Amino acid sequence: MSIYDAIGARTIINAKGTSTRVSGALLAPEVTAAMQEAGQYCVDMAEIQAAASKIIAEVTGAEAGIVTSGAAAGLLLGTAACVAGLDPAKMARLPDTTGMKSEVIMVRSQRNQYDHAVRAAGVHIVEVGLPDRVAGAGVRDAEPWEIAAAITERTAAIVYVANARSRPTIEEVARVANSKHVPLLVDAAAQLPPAANLRRFIAAGADLVAYSGGKAIGGPQGSGILCGGRDLIMSAVLQQLDMDIAWEQWTPPPSLIDKARLPGLPPHGIGRQCKVGKETIVGLLVALRRFLAEDDQSRHDRLLGLVKRLDSATGSLRNARTEVRTGGSPSFVLTLERGFKLTGMEVCIALQNGTPSIHADPSQAANGIIGFSPASLRPEDPDLIGRRLRELIG
Ligand SMILES: *Cc1c(COP(=O)(O)O)cnc(C)c1O
C-alpha cells in the first residue's frame, strides 16, 4: 500500500528516465525529510530565495540565482527579466510587450516544445539558420554571423537550447551575444550530469541559465534553478514573488533585491503563477547538495548497477538482442528480431498496459529498439521488468 493507493491512483515503473510525464526523479529520503521539516515552519519567501541565491551562486559561478517551479518556469522568468529589466511598469504590462524589446532570437533547429515558455512572456521568436545538417546535405545549421545579423533594437535576448548536438557552440553564441550586449538565456534543463555543466554555461558567457530540479538533480518534481547576472535575477524574482505588501513595509534582502534601485513596488508579475513553495526550495537545495556530493563516476556506476541487474533479470530473449550501454548515461537497450510479431511501439504499449505498468523509452521504437533508463527505477523494478520482458518477448 502506498499513499497513491490511498488517494485512488496507481504507481508505475518508470524506465523512461526523469521525464516530467512519468513524474521525474525519485526523491532520496534525505530530500523528503528536509521537505517535511521545511513544512513545519514559516519563512519570508524573499529571504529564503536570497539564501538559495547564495548557494546557487556558489555552485554555478553565477552572480545570483533563484529556485523556480521548473526549467520551463525559468525560461519564462528569464525572458521576462530580459524584456522588463528593473522597470515595474514594464513588469506590470507583460505579456503585452508593445513598445518594449519584444523579439527573441533562436536557432531554428533548436526550436522545441518548451519555447512556449519563452513566448509566454509576450515575445516573438525570430528564427535563424537552415538546419540542413538534419534535413539536407548534412553540412550547415546556423552560423554565428546569422545570429549577429538578426539582432536589432527590438531584440530582448538570444535563447540557446543546450545539448551535445547544438550548433553553433555555446562559446560562439556567447561571443556574439556579449559583443552586441544582448542577454543570452540558456535552456540547460537536462544537461546534468556531468556536474561540471552547472558552471559550464555561465563560464562560457551566458547571462541566464535554466536547469530542471526534478531531473538528474533529484529534487522535487516541480522545481528548477535559474541562475545568472544580479540584475536579471533581481528582475526575475520580482516577477515571481508575491507582492502583496505595502512599499514602506517591504524590506527585501539587499543581496537579492536592491530596493533602492526601484521607483516603487512592482505588482504581481507574470511569474507569480509559477509559485514555488518553501518546501520545494529546501528540497531542491538539499538535492543539489547531494547531487554534488556524488561524483560523476560514482553516479554512473550506481546507475550501471541497476542496468546490470535489469540485464541479468531479463536473461537472453528468443526474439530480441539485449545490450548494456555505458558511457554518458547507462541504459539497457533491447532490439527486436526482424519478423517478431510485435513492433517496437506495440511492445512499449503492452509494457505500459500490463500490471505493473512499465514505461520504457520509445524514442527509437520505429526501428524496433526499446530503451530502459535506470534513473528513476526503484530497487525492485529490474526484476519486475525482466519478468515481464521474458513473458512478452520470450
Ligand atoms: C525537461 C526540459 C524542460 C522543462 O523542464 P521542467 O523542469 O520540467 O520545467 C525544458 N527544456 C528542455 C530541453 C527539457 O529537456
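Author: Start with lysine 215: an N or O atom in its side chain is 2.7 Å from an oxygen atom of the ligand. That makes a polar contact, meaning a pair of N or O atoms within 3.5 Å; within protein, one must be able to donate a hydrogen and the other to accept it, and residues adjacent in sequence count only if both atoms are side-chain atoms. Serine 212 also has a polar side-chain atom 2.6 Å from an oxygen atom of the ligand. Aspartate 187 goes for a nitrogen instead, with a side-chain N or O atom 2.7 Å from a nitrogen atom of the ligand. On its own the ligand has 380 Å² of accessible area, and the protein covers 83% of that (Shrake-Rupley method, 1.4 Å probe; for residues, only the protein chains shown count as cover).

Keep in mind that this is a predicted model, where local features need pLDDT of at least 70 and side-chain atom pairs pLDDT 80 or more, while totals for chains, interfaces and linings use all residues. Residues are numbered from 1 along each chain as its sequence is written, and side-chain values use heavy atoms, with hydrogens and water left out.

Now the shell, counting residues with a heavy atom within 4 Å: Thr20, Gly70, Ala71, Ala72, Tyr114, Asp187, Ala189, Ala190, Ser212 and Lys215. They split into 5 nonpolar, 3 polar and 2 charged (Ala, Val, Leu, Ile, Met, Phe, Trp, Tyr, Cys and Pro are nonpolar, Asp, Glu, Lys and Arg charged, the others, Gly among them, polar).
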